[in-house]
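Q: I have a structure on my screen and want to learn to read it. Where do I start?

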Amino acid sequence: MFKISQSSSTLSPKKSNYNWIELDAVDSTNNYAMGLVHAGTAQHGTVVLAHHQTKGKGQRGKVWATEPGANLSFSIVVKPGLLINQAFQLLATVAVTVRNELEMYIGDEASIKWPNDLYWRDRKTGGILIENVLRGKDWQWAIIGIGININQTSFGDLKNPVSIKQITGKQTDVTAFAKQLHTAILNALMQLKETGFTSFFDDYNQHLFRRNEVVRLKKETRILHTRINGVNLQGQLSTGIETEEYFAFGEVEWLL
């Protein structure tokens, strides 16, 4: 979910202004945004939006595949203003903000599946991937990649995706949704700095997918039938019925 990398891109943007770059196609908006960071041309709040992302990134190295023009694939470059050991604060703040924006379209059954997916009921509506640039212990930049299923209605053999259009029956303007989300995230990050993490942390747990339910998780060859109790301040998943057990990012896999 958090990855430190370096990349570059030679694609020319379709349109650009102060903080907004819009591309017809790109391998990965996170890659393009990372290229801007390393070229010294990124600013806090810079957006890279692609109408077609050919090699979008997901958790555990998975590819995020989307239909051209139908979905939201974009990245926001930010200066976190946090310590790297506060990385969960950034992720949770972004996840809560995206979930709240989705609720306006798909209702209060929108949830956050630990650690970085957005769900509606038992189906995936989107995901978040944050990549970081560090200098020593200084967390200089974060690239917040967000993918949301907007207008796509056929997903081939993918297991459990769902789009806003499938839920609501309505077409959504992808670029307008991106601008709305961009503003909401930058405002939330400002709120995080000014008033702290408590409200975002509480909201993350309040809207946690399958909270207080018994689920199946997999850790290496071990299958766990356990209850989801919540997430702690370090971002670990708290599980257990009689004995509590904590898991870090990437340590367990959901079996749905």
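Q: What is the mean pLDDT of the protein chain?

A: This is a predicted model, so confidence comes up before any detail. The mean pLDDT of the chain is 90, and 89% of its residues reach 70 or more.

Q: Over which residues does pLDDT stay under 50?

A: Start with the general idea. Where pLDDT is low, the predicted coordinates should not be read in detail. Here pLDDT stays under 50 over residues 1-12. The model has 33 contacts beyond four places in sequence for that stretch.

Q: Which residues of helix 4 are buried?

A: Among them are Val 174, Phe 177, Leu 181, Ile 185 and Leu 192. His 182 is on the list of buried residues too.

Q: How many residues of helix 2 are buried?

A: Helix 2 is mostly covered, with 16 of its 20 residues buried. It runs over residues 87-106. From first C-alpha to last it reaches 28 Å, close to the 28 Å expected at 1.5 Å a residue. Gly 107 follows helix 2, and its phi is positive, near 90°.

Q: Now strands. Which residues lie on each side of strand 8?

A: In a regular strand the side chains alternate between the two faces of the sheet. Strand 8 (residues 110-113) has Ala 110 and Ile 112 on one side. Ser 111 and Lys 113 are on the other.

Q: What joins strand 8 to strand 9?

A: The two run antiparallel, joined by 4 bridges. In one of them, Ile 112 has Leu 118 of strand 9 as its partner. The strands form a hairpin, with 3 residues between them.

Q: What is the strand order in the open sheet of 5 strands?

A: The order is 15-14-13-12-16, and the pairing is antiparallel. The edges are strand 15 (245-247) and strand 16 (253-255), each pairing on one side only. On average, neighbouring strands of this sheet are turned by 50° against each other, direction ignored. Strand 12 (residues 214-219) pairs with strand 16 over 3 bridges. There, Leu 217 has Trp 254 as its bridge partner.

Q: Let us zoom in on one residue. Is Asn 229 buried or exposed?

A: Buried means under 20% relative accessible area. Asn 229 has 17%, so it counts as buried. It sits in strand 13 (residues 222-231). Its side chain makes a polar contact of 2.8 Å with that of Arg 227.

Q: What does Asn 229 contact beyond its neighbours within four places in sequence?

A: Its contacts are Arg 211, Ser 238, Thr 239, Gly 240 and Glu 244. The C-alpha atoms of Asn 229 and Asn 212 are separated by 5.4 Å, although the two are 17 residues apart along the chain.

Q: What is the relative accessibility of Ser 73?

A: Ser 73 has 2%, so it counts as buried. It is found in strand 7 (residues 72-78). Its side chain makes a polar contact with the side chain of Gln 53, at 3.5 Å. Ser 73 also touches other residues, including Thr 29, Val 48 and Ile 146.

Note on methods: Residues numbered from 1 in each chain as written. Predicted model: local features only at pLDDT ≥ 70, side-chain atom pairs only at ≥ 80, totals over all residues. Heavy atoms only, no water. Buried < 20%, exposed > 50% of the residue type's maximum accessible area, 1.4 Å probe, protein only. Contact = heavy atoms within 4.5 Å. Polar contact = N/O pair within 3.5 Å; in protein donor to acceptor, adjacent residues only side chain to side chain. Pairing = 2+ DSSP bridges. Axes fitted to C-alpha atoms, helices over the stretch in contact; angles between N-to-C directions. pLDDT = per-residue confidence, 0-100. Expected span 1.5 Å × (residues − 1).
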